[in-house]
Amino acid sequence: MTTMSGRIVSWIPAYLALVAVASTASEGCRRPAAQAQREVGPGVLVLRMPSALGKMRRPPVEFDHDRHAAAVRGDCKTCHLVDRTGMVLPKFGRVDDGKSAGKLMDHYHDRCVGCHKRRGKGARGCGECHAKRPRARSSWSELRMDYSLHARHVLAQQKRCADCHHVYDEGKRQLVYKKGAEESCVACHTGRTVGRRPSLRLAAHRACVSCHLRGKIAGRATGPLDCAGCHGADRQAKIKRLGRYERLLRGQKDRLWVTAKGGKIRRVPFDHRAHEKTTTRCSTCHHKGLASCNKCHTLVGIPAGGGVTLEKAYHDSKSERSCVGCHRKAAGQPGCAGCHHTQEAEASQGSCAVCHRGPLPGAPLPSPVWAPQPPAVLPAFSKDFPERVTIDILARDYAPSVMPHGRHVRKLRDLAGKSRLAVRFHGGVGALCAGCHHHAKPGTRPAPCSACHTRRGHPTRDRPGLGAAFHRQCIGCHQKMGLDSWLGCQSCHPKAAGPRKRGGKR
Amino acid sequence: MSISRRGFLGGTGVVAGVAAGSATARAGGGMDRFMGYPDAMGLLHDTTLCVGCRSCEVACAKVNGKPKPAGPLHDKSIFGKMRRVTDKLYTVVNRYVKARGNKPAVYRKHQCMHCQEPCCASVCFVKAFTKTPEGPVLYDPSVCVGCRYCVNVCPYYALGYEYENAFNPTVQRCTMCYERIKKGDQPGCAEACPMGAIVYGKREDLLRLARQRIAKFPDRYVDQIFGEHEYGGTSWLTLAGVSFDKLGLPVNASHKPLPELTSGFLSVVPLVITIYPGLLLGFYAWTKRKERLADQAREAAAAEARAAAEEAGAAKAAHQKKLAESRQKKAVDLAVKKALAQADREREAAKAAAAEEETP
């Protein structure tokens with residue numbers, strides 16, 4: 001009898017384990033849906049014990065800063081300390097975290113619960129703040145200081161650059177303003193606080209929020225003070241944009257020769273001014289401060305540039321900051337992608353000279369000009385340059401397709417004429433032809449498609465048969481140009497007049 | 001000695017485990033799986049080129065003598081819902097991602113993948129499925145018993161079954177146009193594809209071609225050829241511009257052939273079938289014999305005891321008898337003695353009386 005009951009007892013843990021596994025498995029199935037639903041606003045902070053002090057026994061607290069700020073009517077001093085200059089300190093009613101987890105816990109409990117009790121509002125029980133919640137996604141979005149926003153700050157501060165821009169003076173051991181050395185914040189303020197240099201997050205909140213607060217106290221129209229004002233995507237979209245603003249000048253040249261110390265290839269003329277207009281902020285290219293590329297990226301790669309060589313910095317096709325990557329992205333726009341989507345990732349031979357068109361290093365440098373190409377002039381329509389092309393070589397189930405060759409060329413010419421990039425890179429009418437007539441010498445009559453694309457093709461050599469070559473070329477281009485013209489076979493092939501004939505006209 | 005049911009099952013489990021272990025160890029040495037027949041053919045479906053025209057469905061139906069697929073080809077409403085492979089539709093094109101801006105819709109053609117190590121063949125107990133050296137997995141309806149294990153086990157849900165056929169239903173699925181490729185033709189779908197999105201050729205060449213395309217256009221393709229290794233590899237290879245899980249294919253598919261999951265166990269089955277009856281009968285006979293011997297011994301002991309008891313009884317009786325006899329003899333002697341003494345006394349008394357009479 002004893003042995004029987006003993007046996008049942010020994011099975012109980014196994015049974016419980018099984019139940020636990022089953023319940024976690026079913027929970028695992030449910031979780032993604034809940035995860036997708038829950039999103040918290042940009043003002044929601046997750047408060048947890050600093051890892052250096054230990055772990056919390058209860059779940060971390062989701063704290064809605066905007067809601068609390070509204071509850072105290074924007075009076076920051078209710079919760080935050082203020083220093084001599086009137087600047088609000090970022091920590092909650094204290095200068096630093098201290099060294100004891102218990103003291104920090106008491107600090108929060110006393111101040112939060114005390115205030116809730118005094119006001120007779122807000123959470124009281126432990127679980128109301130320390131609630132176990134499914135993982136949430138924050139709608140927080142980064143605010144970018146673009147040309148327009150910068151210009152609005154310049155106007156508001158009456159061109160007092162020193163209000164925001166500073167450098168650290170080693171001799172005086174303080175922050176000073178240095179004209180001509182203005183930098184973007186990220187040049188010094190990185191992801192974490194180093195010594196006395198605060199992290200970007202801390203520095204931005206100290207400087208921006210304090211200034212906005214001072215403005216509010218002085219009764220001026222000023223920037224937002226709540227989290228969502230800067231970090232809510234919907235509120236960001238409502239930030240007023242200036243139609244016209246002054247060009248940002250910090251000693252950059254309008255046009256220059258791209259040079260590399262020790263470089264052996266021909267130099268590249270670069271129109272800095274024209275590139276400024278293609279973007280909304282300097283950091284599109286100058287991702288870490290406003291220094292020139294070759295300051296951190298050298299021919300061999302140094303730690304300052306993360307080991308990225310100058311060659312890669314300019315040519316990495318995957319990066320959106322590099323010349324090639326950004327131009328590639330531009331070529332992916334619907335107007336360009338029709339032809340450009342067939343371009344391989346690896347640069348073709350001879351493509352170096354497209355940009356490297358200047359003198360060799362050491363030679364005297366003329367003015368760095370990259371003039372637009374003369375507009376493409378279409379030749380008169382003739383047998384060699386037909387207005388219409390009838391494609392009947394494979395007509396079987398359908399009547400021959402009449403391709404309006406002239407209309408296509410004109411459309412491409414107009415599109416290319418409108419693009420600032422295309423007018424500088426497309427050399428005349430030849431580039432337009434090459435979009436379809438690949439491998440043909442520009443400006444000459446191309447060989448017919450059937451010269452290379454045989455009926456069956458060489459599928460495993462990636463040379464499709466004639467039918468597939470036509471369809472890929474036409475449909476691929478129409479798709480990439482965003483033309484929803486793939487409505488079926490008959491949008492290009494009219495129905496055969498007579499009854500369908502299999503293997504008919506070839 | 002006695003053996004409990006638990007102990008017995010435990011012991012045989014160890015035997016089976018050792019056998020299974022040796023099977024796995026054998027598979028682990030050297031080349032761990034079948035890499036496909038040399039010069040086997042295959043097909044490559046490039047989903048970035050597919051435009052969802054369904055010409056392949058039409059060609060497939062025509063080649064296999066099946067009814068024409070539903071709806072006019074230009075009618076895109078058919079893609080509103082996912083269709084699956086049936087006995088009348090060997091191949092089916094589904095739309096997995098809708099078109100947005102200049103990003104075209106993504107379609108994928110589905111059919112039997114012709115696995116290198118097919119599950120359908122591994123579960124079929126009448127061996128109706130064969131992986132041919134040319135690539136296709138062929139099905140022999142003449143031996144099929146209609147258990148439909150193959151239909152249920154296929155990881156791609158690519159087998160159709162003639163549920164409407166009451167008398168002689170068979171499994172219906174893509175044959176990779178075996179008859180056509182034997183003659184040197186292309187499969188019907190590959191020939192019909194107007195975009196060249198389906199390429200037929202040697203599987204090795206197709207893998208090389210697919211790698212070439214990924215290298216040339218790294219932005220266009222996901223860096224994976226589905227079917228190169230997935231579940232041990234398939235004859236149909238798929239290239240995609242979006243993650244494969246969006247295309248209804250397992251995204252982290254094991255590279256292990258699925259039949260391997262059961263081969264260890266199944267390899268033990270014949271062993272169990274041959275050994276178990278003998279083993280069990282042996283145990284039975286052994287137990288029975290043991291019981292019989294025990295019975296015999298018990299009986300012998302009983303008989304012996306009985307004999308001993310009898311013997312002891314007899315001795316005791318003899319002893320008693322002797323004792324009784326001696327007691328009786330003693331009593332008789334005593335009585336005789338007593339009688340003699342009495343007689344002596346009477347004689348003395350008479351003598352005395354006589355003397356007294358004489359004397360007066």
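Which residues does B:Cys193 touch, not counting residues up to four places away in sequence?

1. B:Cys193 touches B:Ser55, B:Cys56 and B:Ile198 on that count; two residues are in contact if their C-beta atoms, placed from the backbone, lie within 7 Å. The model is predicted, so local features need pLDDT of at least 70 and side-chain atom pairs count only at pLDDT 80 or more, while totals for chains, interfaces and linings use all residues. Residues are numbered from 1 along each chain as its sequence is written, and chains are lettered from A and ligands numbered from 1 in the order in which they are written.

2. The largest nonpolar core has 61 residues, of which B:Leu44, B:Cys56, B:Cys189, B:Cys193, B:Ile198 and B:Val199 touch the most other members. Another core lies apart from it and has eight residues, among them A:Ala376, A:Leu412, A:Leu432 and A:Cys433. A nonpolar core here is a set of buried Ala, Val, Leu, Ile, Met, Phe, Trp, Tyr and Cys residues joined through C-beta atoms within 7 Å. A residue is buried if 20 or more other C-beta atoms (placed from the backbone) lie within 10 Å of its own, exposed if 12 or fewer, and partly exposed in between.

3. Chain B has eight helices and nine strands; these are DSSP runs numbered from the N terminus, with helices (H or I) of at least four residues and strands (E) of at least two. Its radius of gyration is 48 Å, well over the 21 Å that the globule rule gives for 360 residues, so chain B is more spread out than a compact globule. The radius is taken over C-alpha atoms, and the rule is 2.2 Å times the number of residues to the power 0.38. Along the principal axes, the C-alpha atoms of chain B fill a box of roughly 180 × 45 × 40 Å.

4. Of the 360 residues in chain B, 29% are buried. Among the contacts in chain B with a separation of 6 or more, 62% join residues 24 or more positions apart.

5. At the interface, 22 residues of chain B are in contact with 22 residues of chain A. On the chain B side, strand E8 (198-202) and helix H7 (203-216) are the elements that give two or more residues. H7(B) gives the most, with six residues. By class, this side of chain B has twelve nonpolar, six polar and four charged residues. Ala, Val, Leu, Ile, Met, Phe, Trp, Tyr, Cys and Pro count as nonpolar, Asp, Glu, Lys and Arg as charged, and the others, Gly among them, as polar.

6. Two residues of chain B deserve a check of the backbone. B:Arg148 is not a glycine, yet has a positive phi of about 65 degrees. B:Arg148 sits in the loop between strand E5 (137-139) and helix H4 (149-153) of chain B, and is partly exposed because 14 other C-beta atoms lie within 10 Å. B:Tyr231, also not a glycine, has a positive phi of about 50 degrees. B:Tyr231 lies in the loop between H7 and strand E9 (236-239) of chain B, and is buried because 23 other C-beta atoms lie within 10 Å. Most residues other than glycine have a negative phi.

7. In chain A, A:His286 is in the loop between helix H9 (272-277) and helix H10 (293-296). A:His286 counts as partly exposed, with 18 C-beta neighbours inside 10 Å. Its C-alpha atom is separated by 9.2 Å from that of A:Ser184, 102 residues apart along the chain.
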